[in-house]
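This report concerns helix packing, nonpolar cores and selected loop and strand residues. Please consult the sequence and the model alongside the text.

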Amino acid sequence: MTDHLFAGGVTTPKGFQAAGVRCGLKEKGLDLALVYSTSPAAAAALFTSNLIQAAPVRVSKRNLQCGRGRAVVINSGNANACTGEQGDRDVEETLTLVAQGLHIDREEVLVASTGIIGKPLAMDKLRSGLAEALASLKADGGDAAAHAIMTTDTTAKQVAVEFQLAGRRAYIGAMAKGSGMINPNLATMLCCLTTDAAVSSAMLDRSLRLAVDDSLNSLTVDGEMSTNDCVLLLANGQCGNPVIDAAGPDFEVFTQALRTVLQAIARAIAMDGEGATKLLLVQITNARNPEQARRAAKAVANSLLIKTAVFGRDPNWGRVLSAVGGCGVELRPSQIAVSFAGIPVLTQGHPVPFDPAAMKAALAEKEILLSVDLAAGSAQARVYSCDLTYEYVKINAEYHT
């Protein structure tokens, strides 16, 4: 059975409950999510490599050292970043409240936050919200949780995959938020993953690191890295498969299913980039090595000139050449090729005539593939991105920090 991707979420796998409530950290809408495994679970996570890290990142990194996790708490509306010792105390209190409410160890609680940087949490609101969330946990609460973690997102991002593992039906569910300040390294935005597969914490960590490489780490909206980025993964083993505690066929099956989910999340985040009108897929082929392929793809995807050209439906290959030529990768100028939406504009280093009307129509589509052949090797990479519009400037000019 191949992976079956469908519209599920964090409560799709067996043994998971969730809740999404409003506690008033945002001006409107749900703003506090809680995800809970009804049985003990292994845990793994990846966090931002930004040297400025929010309090929940630091505390969750510490808790992950035990390799277990039963609950994930995520608030929107406040990043709890650059909030000093008070921010740390607020996260510690959150751990205590959730652990007491669920009768689990404090080390089994992971915390994430998103929103405005430098503003202390309104703990009176968070306390009442946590009490409501604990009382609201249910097996179909994933959708409310996914909506509660949104900030500038225009849509909730959630998905699930079904796959066969050792003859048993297993699931991975995901929810994520992310729209701007996205150029991850090791992780991206906020993403919570659940699975009913049985996987040791060590192999869960290994699988997550492999799966993010060509999914979340191949994603950029604006080249900006957050202080709060994290990907959190809980595995409770309720599907009944033999525990995956070493590399082998079952590990490969699980990792591919995880990669399928995370690539879907990456696409959804890029499509919903702040003010975006198009999903931009940058494909680099025939690079010297994978690292150079990724570097070239990120250079193209992060170019403001290219992103605005895509918004304006302008196949400006000169900007593409400038981006790849200036990012320090090997290429053969006399052999390089570029195409927009499947239409060649440069071949063997020379311009190719194309039908302007057909090109305009192709670039009006919601999904645009921009391909660059560097003619320097055999490695390739794909990066998920989006166009840059007037609305991006408006959103971020008015976003109070």
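## Basis

The model is predicted, so that local features need pLDDT of at least 70 and side-chain atom pairs count only at pLDDT 80 or more, while totals for chains, interfaces and linings use all residues. Residues are numbered from 1 along each chain as its sequence is written, and side-chain values use heavy atoms, with hydrogens and water left out. Helices (H or I, at least four residues) and strands (E, at least two) are DSSP runs, numbered from the N terminus.

## Helix pairs

Two packed helices are described by the angle between their axes and the distance between the axes. Axes are lines fitted to C-alpha atoms, for helices over the stretch in contact, and angles run from 0 to 180 degrees between N-to-C directions.

| Helix pair | Axis distance | Axis angle |
|---|---|---|
| H1 (residues 55-63) and H2 (residues 84-102) | within 9 Å | roughly 50° |
| H5 and H6 | within 9 Å | roughly 45° |
| H7 (residues 290-302) and H9 (residues 317-325) | 8 Å | about 135° |

Angles under 35 degrees count as roughly parallel, over 145 as roughly antiparallel, 65 to 115 as roughly perpendicular and the rest as oblique. H7 is accordingly oblique to H9; H1 and H2 are oblique to each other, and H5 and H6 are likewise oblique.

As to handedness, a crossing is left-handed if the near helix is turned anticlockwise from the far one by less than a right angle, and right-handed if clockwise. The crossing of H1 and H2 is right-handed. H5 passes H6 in a right-handed crossing, and H7 crosses H9 in a right-handed manner.

Contact here means heavy atoms within 4.5 Å. For residue classes, Ala, Val, Leu, Ile, Met, Phe, Trp, Tyr, Cys and Pro count as nonpolar, Asp, Glu, Lys and Arg as charged, and the others, Gly among them, as polar.

Between H1 and H2, the residues Ala55, Pro56, Arg58, Val59, Arg62 and Asn63 of H1 meet Gly87, Asp88, Val91, Glu92 and Leu95 of H2. This contact consists of five nonpolar, two polar and four charged residues.

Between H7 and H9, Ala296, Ala299 and Val300 of H7 meet Val320, Ala323 and Val324 of H9. Here the division is six nonpolar, no polar and no charged residues.

In the H5 and H6 pair, H5 contributes Met203, Leu204, Arg206, Ser207, Leu208, Leu210, Ala211 and Val212, which meet Phe251, Phe254, Thr255, Leu258, Arg259 and Leu262 in H6. By class, ten residues of this contact are nonpolar, two polar and two charged.

## Nonpolar cores

In soluble globular proteins, nonpolar side chains tend to be buried together. A nonpolar core is a set of buried Ala, Val, Leu, Ile, Met, Phe, Trp, Tyr and Cys residues joined through side-chain atoms within 4.5 Å. Buried means under 20% relative accessible area, exposed over 50%, and partly exposed in between (1.4 Å probe, protein chains only).

Which residues touch the most other members of the largest nonpolar core? Of its 41 residues, they are Ile172, Leu193, Leu208, Phe254, Leu258 and Leu262. Elements giving two or more residues to this core include strand S4 (42-47), strand S9 (190-195), helix H5 (201-213) and helix H6 (249-271). H6 supplies the largest share, eleven residues.

Apart from its neighbours within four places in sequence, Leu262 is in contact with Cys191, Leu193, Leu208, Ala211, Val212, Ser215 and Leu216. A second, separate core of 32 residues includes Ile284, Ala296, Ile336 and Phe340.

## Single residues

His103 has a positive phi of about 60° although it is not a glycine. His103 sits in the loop between H2 and strand S6 (109-116) and counts as exposed at 74% relative accessibility.

Asn286, in strand S11, also has a positive phi, near 55°, and is a residue other than glycine. Its relative accessibility of 28% makes Asn286 partly exposed.

Gly237 occupies the loop between S10 and H6 and is partly exposed, with a relative accessible area of 21%. Leaving aside neighbours within four places in sequence, Gly237 is in contact with Thr195, Asp196, Ala197 and Ala198.

Asp355 lies in the loop between strand S14 (350-351) and helix H10 (356-362). At 46% relative accessibility, Asp355 is partly exposed.
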